[in-house]
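This report covers strand pairing, salt bridges and surface. Have the coordinates open as you read.

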Amino acid sequence: QVQLVESGGGLVQPGGSLRLSCVASGNILRLKAMGWYRQTPGKQRELVATIFSGDSTNYADSVKGRFTISRDNAKNTVYLQMNSLKLEDTAVYYCNAAVRDLFRDFEIWGQGTLVTVSS
């Protein structure tokens, strides 16, 4: 059973910073791409950032220059450093991973962590 657990969300003022973490656990042979998405009520979940197994990254235009995604393969962990946060960054942030176990490739999601940017 593979699962993702996010942490690090919370309340922060505009201009502030937060660091999200997502740890993968279970019978993992390989973690391929890992990413962060976010969702606000009434809107579709949107991609924030992705990091691939070769450490290449891509970002949504709205977060470029402010957010940084990284990963620690030894810890099966992906991070999202969020700086210069804006009101519009408020959302539930979800971790996503493309996983290979002994039998198959599949995609999993974390339960989400709430980020609230407010003065």
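Two strands count as paired if DSSP finds at least two bridges between them. Strands themselves are DSSP runs (E, at least two residues), and helices are runs of H or I with at least four residues; both are numbered from the N terminus. The model is predicted: local features need pLDDT of at least 70, side-chain atom pairs count only at pLDDT 80 or more, and totals for chains, interfaces and linings use all residues. Residues are numbered from 1 along each chain as its sequence is written, and side-chain values use heavy atoms, with hydrogens and water left out.

**Overall fold**

The chain has 0 helices and 11 strands. Its C-alpha atoms fill a box of roughly 45 × 25 × 25 Å along the principal axes. The radius of gyration is 14 Å, which agrees with the value near 14 Å for a compact globule of 119 residues. That radius is taken over C-alpha atoms, and the globule rule is 2.2 Å times the number of residues to the power 0.38. Contacts are heavy atoms within 4.5 Å. Among contacts between residues at least 6 apart in sequence, 55% join residues at least 24 apart.

Of the 119 residues, 40% count as buried. Buried means under 20% relative accessible area, exposed over 50%, and partly exposed in between (1.4 Å probe, protein chains only).

**Strand β9 and its partners**

Which strands pair with β9 in the antiparallel sense? β4 does, over 8 bridges. β11 (residues 113-117) does too, over 3 bridges. β10 (residues 105-109) pairs with β9 over 5 bridges, and a hairpin of 4 residues joins β9 to β10.

Individual bridges can be picked out. V92 in β9 is the bridge partner of Q39. V92 also has a bridge partner in β11, L114. In β10, I108 is the bridge partner of A97. Strand β9 (residues 91-100) is mostly covered, with 7 of its 10 residues buried. In a regular strand the side chains alternate between the two faces of the sheet.

**Salt bridges**

The structure holds 6 salt bridges. Each is a side-chain nitrogen of Lys or Arg within 4 Å of a carboxyl oxygen of Asp or Glu. Three of them are tabulated here.

| Pair | N to O distance |
|---|---|
| K32 and D105 | 3.4 Å |
| R38 and E46 | 2.7 Å |
| R100 and D105 | 2.7 Å |

K32 and D105 meet in a salt bridge. This pair links distant parts of the chain: K32 lies in β4 and D105 in β10, 73 residues apart. D105 also meets R100. D105 is partly exposed because its relative accessible area is 43%. R100 is partly exposed as well, at 30%.

Is R38 buried or exposed? R38 counts as buried, because its relative accessibility is 6%. Its partner E46 counts as partly exposed at 37%. Salt bridges that share partners join R38, E46, R66 and D89 into one network.

**Surface**

The chain exposes about 6500 Å², and carbon and sulfur atoms supply 48% of that area. Areas come from the Shrake-Rupley method with a 1.4 Å probe; for residues, only the protein chains shown count as cover.

L29, L102 and F103 form a nonpolar surface patch with about 430 Å² of accessible area together. Patch residues have over 30% relative accessible area and no salt bridge; like charges are joined within 9 Å, and nonpolar side chains (Val, Leu, Ile, Met, Phe, Trp, Tyr) within 5 Å. L29 sits in the loop between β3 (18-25) and β4 (30-39). L29 counts as exposed because its relative accessibility is 55%.
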